[in-house]
Amino acid sequence: MMKSLFRIIRRYSLTVGVIILIILVSNGCLLTGIGYYVSKQEASERFSKISVSTMELIGDEFSERKDGNQMPLPYVLSEKGMEILEDSEFIWAMALDREGKAVWQWKLPPEIPVQYSIQDVAAFSRWYLADYPVRVLVSGELLLVFGCDPGLIFRHSLVISEPLVEFLAIYGKAAVFINLLVILLFVLGFGCRFYRSMKPIAQGIEDLAAQKPVHLKERGAVGELAGKLNEASELLLSQNKALARRDFARTEWIAGVSHDIRTPLSLIMGYSDRLARDPSLQNGNRLLAENIRRQSLIIRQLIADLNLTSKLAYQAQPLKKTRCLLVALLRSAISDIYNEELEQGGEYEFEIMMKEEMEQVWVQADEGLLMRALRNLLGNSIKHNPAGCQITVSLTRQEDCLSCFVQDTGPGIPEEVVQNMAKPDSRVHIMGLCLTDQIARAHDGSLEFQKRAEGNYDAMLLIRESL
């Protein structure tokens with residue numbers, strides 16, 4: 001399944017990557033074109049403004065030779081003009097007279113002619129001269145020609161109309177908007193596509209969690225993933241059916257064994273009771289008969305608890321919930337314990353601590369099961385304190401639940417018992433507390449434990465209050 005998921009993610013990641021690459025390349029080409037155009041404009045502006053002003057300053061420094069000597073050239077440039085020319089960006093220069101003849105030159109390359117026709121001048125004045133970009137300026141009787149470094153200056157004849165300039169300005173804004181729109185459309189499109197692809201998978205996972213059968217179509221990018229979910233669903237359904245059959249068999253077996261034990265157990269209890277009441281028996285024998293009867297009662301209670309906890313575990317125990325007073329159930333449980341449990345001896349004192357308003361607190365519960373839970377909590381204190389103890393039951397409210405907190409003056413519930421509630425261990429027998437916890441959870445409540453200062457615990461039963 002992880003491989004299938006990886007392939008799905010890789011496919012969509014590659015698709016998104018290609019889309020982003022296309023958008024980036026398109027924008028890159030657009031920006032390159034705009035940048036090229038802008039740079040040419042800036043270079044042209046720089047070339048025209050700086051060079052023209054420089055050429056004008058240089059042109060003002062030309063003069064004819066006053067000695068009448070026309071050799072080698074009839075024109076000269078003053079020292080100031082030469083300084084300006086040396087500091088400029090030009091790499092060579094010359095001056096042409098009206099006949100197209102070079103009457104002055106500076107660093108003129110050998111491939112540059114010194115005689116030009118009108119056609120030649122017209123050709124290079126706006127373009128190149130022997131691969132050198134040039135700028136020209138008319139200064140008096142002279143035509144000044146300045147050569148530029150071809151590695152720094154590139155001349156291109158570009159004619160742009162005003163409507164085209166306006167169009168380019170609008171297009172720049174439109175390009176940003178179109179890019180955003182395209183990205184948004186791609187995101188929405190692929191998001192919807194991915195959602196449609198993954199929606200059946202998500203629904204299948206929800207059905208799987210709810211233990212419903214899953215039958216997804218195995219096609220498209222998520223076909224393999226859908227197939228894995230279908231296989232998992234069939235496997236879980238098969239396992240659930242096997243577990244259900246096992247649980248049903250276990251419940252039936254426990255119920256059958258409980259039923260089969262009741263008859264001989266009833267006979268044992270009846271005979272032991274008759275022997276315990278027979279005046280002809282010696283006191284020692286009657287005491288043995290009484291012990292047999294008590295142990296039989298314990299066995300009967302254990303069988304009943306085992307049968308009940310099995311039904312609660314597999315939700316086979318129907319709940320007959322009614323509105324009942326919690327304090328009345330508690331008092332009834334204490335009364336039953338006095339009548340049944342205290343015959344074995346030991347001095348026990350019960351105390352119920354609560355506010356007066358708790359007398360009228362109702363709960364929605366199965367009265368028989370809740371009575372069993374309360375008796376188990378109280379009986380747990382009696383069972384572990386055979387010599388007697390004081391048992392205090394506190395009834396309070398905790399948010400929307402009622403708390404029945406049972407404390408005794410004995411050693412309390414051991415640490416291993418509390419730990420066993422979370423991690424069951426067959427070496428620790430806590431059927432009574434487990435049954436109490438099951439009954440509490442069946443009523444949307446819980447069984448909790450509060451630690452004492454010396455290390456052991458007291459139990460607290462939480463039951464949701466009925467409005």
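**Aromatic pairs**

I counted four aromatic pairs, taking rings of Phe, Tyr and Trp (its six-membered ring) as paired if their centres lie within 6.5 Å, with planes under 30 degrees apart stacked, over 60 edge-to-face and the rest tilted. I looked up the pair of Tyr 116 and Phe 124, which is edge-to-face at 5.3 Å centre to centre, with 65° between the planes.

**Basis of the entries**

I worked from a predicted model, in which local features need pLDDT of at least 70 and side-chain atom pairs pLDDT 80 or more, while totals for chains, interfaces and linings use all residues. Residues are numbered from 1 along each chain as its sequence is written, and side-chain values use heavy atoms, without hydrogens and water.

**Sheet**

I traced an open, mixed sheet of five strands in the order 9-11-12-14-13. Strands (E, at least two residues) and helices (H or I, at least four) are DSSP runs numbered from the N terminus; two strands pair if DSSP finds at least two bridges between them. Strand 9 (347-353) and strand 13 (446-451) are at the edges with a single partner strand each, so one side of each has no neighbour in the sheet. Strand 13 runs antiparallel to strand 14 (residues 457-464), joined by six bridges. I noted Ser 446 opposite Leu 462 in strand 14.

**Helix on the sheet**

I found helix 10 (residues 431-442) lying across strand 13 and strand 14, at about 125° to strand 13. Contact means heavy atoms within 4.5 Å; axes are lines fitted to C-alpha atoms, for helices over the stretch in contact, with angles from 0 to 180 degrees between N-to-C directions.
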